[in-house]
Amino acid sequence: MAAKAKSKGETGKSETMEIKFKCRLCEKNKPLEDMRTVTRFSPVLVVCKDCAKIQR
Ligand SMILES: [Zn+2]
């Protein structure tokens with residue numbers, strides 16, 4: 001009887017979907033992959049990709 005592998009690397013990484021950023025222009029919360037940093041402004045503006053498209 002082989003012992004079952006019980007430790008399957010459960011490190012509790014279940015909050016990855018909770019990470020969201022607030023767009024500085026439309027003030028909507030978006031995931032990180034939809035965020036863009038507009039470096040042409042100072043301080044750097046963090047906006048969503050939709051607003052970043054408008055800014056160009
Ligand atoms: Zn936006």
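A: Let us start with Lys49, which lies in helix α1; helices (H or I, at least four residues) and strands (E, at least two) are DSSP runs, numbered from the N terminus. This is a predicted model, in which local features need pLDDT of at least 70, side-chain atom pairs count only at pLDDT 80 or more, and totals for chains, interfaces and linings use all residues. Residues are numbered from 1 along each chain as its sequence is written.

Q: Is Lys49 buried or exposed?

A: A residue is buried if 20 or more other C-beta atoms lie within 10 Å of its own, exposed if 12 or fewer, and partly exposed in between, with C-beta atoms placed from the backbone. Lys49 is exposed because 12 other C-beta atoms lie within 10 Å.

Q: Which residues does Lys49 touch, not counting residues up to four places away in sequence?

A: Two residues are in contact if their C-beta atoms, placed from the backbone, lie within 7 Å. By this criterion, Lys49 touches Asp34 and Arg36.

Q: Where does Arg36 stand?

A: Two strands pair if DSSP finds at least two bridges between them. Strand β3 (residues 35-38) and strand β4 (residues 45-48) run antiparallel and are joined by 4 bridges. Arg36 stands opposite Val47 in β4, and a hairpin of 6 residues joins β3 to β4.

Q: What pattern does the protein chain follow along the sequence?

A: The pattern is β-β-β-β-α, with 1 helix and 4 strands in the protein chain.
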